[in-house]
Amino acid sequence: MIVTLRNTSAAEVGSRLVSLRDEGGAVALGRVLTLVILPDDEASSERAIRTANGASHEHPMRVIVLLPDDLDKPAGLDAEIRVGGHAGASEVVVLRPRGGAGKTRDTLVMPLLLPDAPIVAWWPSTPPANPSGDPIGAMAQRRITESVRCSQPVETIRSLAEGYAPGDTDLAWGGLTLWRALLAAALDEPPAEPVLSARVSGAADHPSVELLAAWLRVSLGCPVTVVPEAHDAIESVVLERASGAISIVRPQGSTVAVLSRPGRPDQHVNLPKRDTENTLIEELRRLDPDLTYGRVLTKGLKELATA
C-alpha cells in the first residue's frame, strides 16, 4: 500500500504512520534500526528502496528516503508512505522537499526516527566529502557510502579517506568479505612463511581492487602492486612466499575461482561477485565502527599511493 501526502509536514507524516499501524496492523513494531537514504535523484532512490526492502527481511527497519530539494517549485513537502507489499519487511517514507523546505534536512528526518533505535545513513549515489559532517551523518551511528556508483569510483574512495570518521564504511568493502576470508584461510595453512610481495589484478576503476590491495598492505606489511585488467571487479590475487606463490584467480563472468598453492592440487571455490543487497545486509549486521576498514582507508590507501 502507498499513501501519498501533499503539502504536508514531517510531523503529519509521523502521525499518519501511527494511524496506519492502528488501522491495519500491517506495520510491525519490531524495527531494529532507522535507515536514512540520501539519493541524488528519483532513479537512485527507487533502486535503493528495492535494495533496502530486500535487506529488511533480515534487518526489519524504518526506511526514510530524503530526496534533494527541488528549488524550482513552490515551498512545501510532499511525501509517500509505503507499507505491506511495497515495503518488504520495513516501512518506507519518501520525502520530497521543494522550494527550500529541505534546507535543514535533519529537522525533516528527526520526527520520523524510531525512538531508541540506531540510525544508519546511506548515500546510494554521490556521497559528501565528509559523511560524518553531514547533518544526517552526524546523527548516525553508521554511515554507508557506495563509491562504485560514482562517476570516478577510485577517486571517490580516496577522497573519503580524507574525511574518514569511525562509523564510516563503503559497500565496496563489504564486497571483499569472501576474498579476505579465503586469503586469510590460505595463509593459516602451513608453512608459516611471511609474504614477500602481493599483486592484485582487476578493473582499474573499481574501488574494491584498491581496498583489497590496501588491506593486504596493512595486514601483511609487504609491497603490494595493483595491476589493471579488463575485468568488472577483482580478477586475481597473488601472494609471493619463499616456498612459492599462493594465487586466487576468478575469470571474468565466473562465480568460481581457482585457488593454487605450492605442492597441493588446485581447488575450485565459490567466489561470486556480491550484489548491493548482500553487502548492505552485511554492513547492517554490525553497527559499531569497523576499525579494520578505518585502517585500510586512512593508512593502507596512503601507503599504496606513496609506494
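1. Basis. The model is predicted, with local features needing pLDDT of at least 70, side-chain atom pairs counting only at pLDDT 80 or more, and totals for chains, interfaces and linings using all residues. Residues are numbered from 1 along each chain as its sequence is written, and side-chain values use heavy atoms, without hydrogens or water.

2. Cavity. The whole structure holds 1 cavity of 30 Å³ or more. A cavity is a set of points on a 1 Å grid over the protein atoms alone where a 1.4 Å probe fits but cannot get out; lining residues have an atom within 4 Å of a point. The largest cavity has about 30 Å³ of space, a volume being the space filled by probe spheres set on the points.

3. Lining. Pro-131, Thr-145, Leu-160, Tyr-164, Asp-168, Thr-169, Tyr-293 and Leu-297 line the largest cavity. Helices (H or I, at least four residues) and strands (E, at least two) are DSSP runs.

4. Helix H7. H7 (residues 207–220) has 14 residues and should span 20 Å at 1.5 Å a residue; its end C-alpha atoms are 20 Å apart, which agrees. The expected span is 1.5 Å times one less than the residue count. Of the 14 residues, 11 are buried (under 20% relative accessible area, 1.4 Å probe, protein chains only). Among them are Trp-215 and Val-218. Gly-221 follows H7, with a positive phi near 65 degrees.

5. Strand S1. Val-3 and Leu-5 form the covered face of S1 (residues 2–5); Ile-2 and Thr-4 form the uncovered one. S1 runs antiparallel to S4 (residues 76–82), joined by 4 bridges. Leu-5 has Ala-79 as its bridge partner in S4.

How values were computed:
On a 1 Å grid over the protein atoms alone, a cavity is a set of points where a 1.4 Å probe fits but cannot get out, and a pocket is an open set with protein on both sides within 12 Å along at least five of seven lines; lining residues have an atom within 4 Å of a point. Buried means under 20% relative accessible area, exposed over 50%, partly exposed in between (1.4 Å probe, protein chains only). Two strands pair if DSSP finds at least two bridges between them.
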